[in-house]
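Me: I would like to go through this model term by term, and to hear each time what value stands behind a word. Please set each value against its definition before you conclude.

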Amino acid sequence: MEAKKDAASTVNASAVVTEGMVAASSLGVDLSKPRWSQETYAGRATHFITITNPLNVLATNRQLEKARSLVKHYEAGQVPKGTTPDQMWAAKHLYDSAYHPDTGEKMIIFGRMSAQVPCNMAITGAMLTFYKTTPATIFWQWTNQTFNALVNYTNRNGDSMSTQKLATAYCAATGTATATALLFNYLSKRTPPMAARFVPAVAVCAANSVNIPLMRVDELQEGIEVVNDKGDVVGHSKVAATKAIPQVITARIAMAMPPMLTAPFLMQFLEKKAFLKRSPWLLAPTQILYVGCCLTFTTPLCCAIFPQKSSIRLDQMKSDTDAYKRGIAMGMSNTDRVYFNKGL
């Protein structure tokens with residue numbers, strides 16, 4: 001992995017400064033950690049508002065490469081003359097929005113968190129609008145869970161997953177999610193019409209609880225890489241995975257629920273208005289626009305519920321025998337903490 005240690009983003013103070021460059025340390029910024037404290041919710045929320053900004057999706061490959069190059073120059077200990085702290089942070093935020101924090105690889109554009117708002121507003125709006133027929137339910141649930149599977153895979157912990165396991169997990173996740181939606185759709189036929197509007201929300205809750213663990217099943221089976229406070233690899237921990245994945249599920253459900261639970265009431269109110277009676281085709285665009293407005297806020301605010309860099313005490317992973325023994329051999333005590341990327 002490219003970022004085995006936090007130190008990978010720290011200035012190389014011993015680097016020889018070449019012509020046209022200045023020492024990175026002269027900027028007075030530390031890119032080894034986010035600009036805002038991750039110990040508080042406000043700091044994490046501010047960080048994710050920057051990272052999940054939908055405008056980041058519009059960045060060209062040239063802009064992304066320029067940001068990556070500036071970050072790599074910083075890590076090497078020198079940056080071009082005239083670079084300001086704000087420019088350095090802007091490059092780091094754009095880099096973080098498009099490159100995986102563990103592997104350093106450029107993420108698939110639709111799998112980036114900055115693509116959540118534009119993609120989810122269209123898919124969620126469609127699920128809430130076209131929920132009455134079985135073909136529509138199947139298509140939009142499949143579309144939603146395919147997108148979710150892509151996001152879950154892209155934002156997993158950095159360890160790789162075999163193609164066979166990925167295909168199996170994808171089929172199981174999308175199949176289970178679609179079946180769940182159809183079941184609740186069937187049951188809702190015996191309830192008042194308003195209840196049927198909430199079927200997509202219930203299906204999303206159930207589906208996320210299945211989709212995320214299945215797409216990250218390797219982490220549950222093999223463990224997540226954990227490091228000490230210096231960034232040295234301690235080993236792989238299944239205990240860390242059992243902490244990380246439920247946190248991601250909780251955040252994803254919290255992210256989706258506000259628009260999915262409030263949109264039915266809003267649309268029931270608006271459907272009685274004359275302008276929608278005259279122009280019923282406005283129903284879908286109105287709902288999609290409303291969902292987009294909600295997701296603009298819920299995406300970063302819910303990503304911030306839990307720190308992305310999570311931790312557990314060494315003694316909590318005694319069942320991860322190899323990693324625990326290695327930690328002790330490295331001079332760690334039972335109360336020392338190990339750290340891992342929980343994913344998003």
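Me: What does the side chain of threonine 52 reach, and at how many Å?

Reply: The side chain of threonine 52 reaches the backbone oxygen of phenylalanine 48, at 2.6 Å. A polar contact is a pair of N or O atoms within 3.5 Å, where within protein one must be able to donate a hydrogen and the other to accept it, and where residues adjacent in sequence count only if both atoms are side-chain atoms. This is a predicted model, in which local features need pLDDT of at least 70 and side-chain atom pairs count only at pLDDT 80 or more, while totals for chains, interfaces and linings use all residues. Residues are numbered from 1 along each chain as its sequence is written, and side-chain values use heavy atoms, with hydrogens and water left out.

Me: Why is threonine 52 called buried?

Reply: Buried means under 20% relative accessible area, exposed means over 50%, and partly exposed lies in between (1.4 Å probe, protein chains only). Threonine 52 has a relative accessible area of 3%, and therefore it is buried.

Me: Where is threonine 52 placed, and with which residues is it in contact?

Reply: Threonine 52 sits in the loop between helix 1 (41-51) and helix 2 (61-76), where helices are DSSP runs (H or I, at least four residues) and strands likewise (E, at least two), numbered from the N terminus. Leaving aside neighbours within four places in sequence, threonine 52 is in contact with Met113, Ser114, Thr299 and Pro300, contact meaning heavy atoms within 4.5 Å.

Me: Which residues of helix 1 are buried, and what covers them?

Reply: In helix 1 the buried residues are Gly43, Arg44, Ala45, His47, Phe48 and Ile51, and what covers them includes helix 3 (85-98) and helix 12 (283-303).

Me: What makes threonine 163 count as exposed?

Reply: Threonine 163, which lies in helix 6 (residues 163-188), has 65% relative accessibility, and so it counts as exposed. Its C-alpha atom is separated by 46 Å from that of glutamate 271, which is 108 residues away along the chain.

Me: Why are isoleucine 108 and threonine 242 called partly exposed?

Reply: Isoleucine 108 has a relative accessible area of 45%, and is therefore partly exposed; the relative accessible area of threonine 242 is 48%, so that threonine 242 is partly exposed as well. Isoleucine 108 is found in the loop between helix 3 and helix 4 (116-129), and, leaving aside neighbours within four places in sequence, it is in contact with Leu150 and Thr154.

Me: How do you know that the chain agrees with a compact globule?

Reply: The radius of gyration is taken over C-alpha atoms, and the globule rule is 2.2 Å times the number of residues to the power 0.38. For 344 residues, a compact globule would have a radius of gyration near 20 Å, and the chain has 22 Å, which agrees. The C-alpha trace spans about 70 × 50 × 35 Å along its principal axes, and 47% of the 344 residues count as buried.

Me: How many helices and strands are there in the chain?

Reply: There are 13 helices and six strands in the chain.
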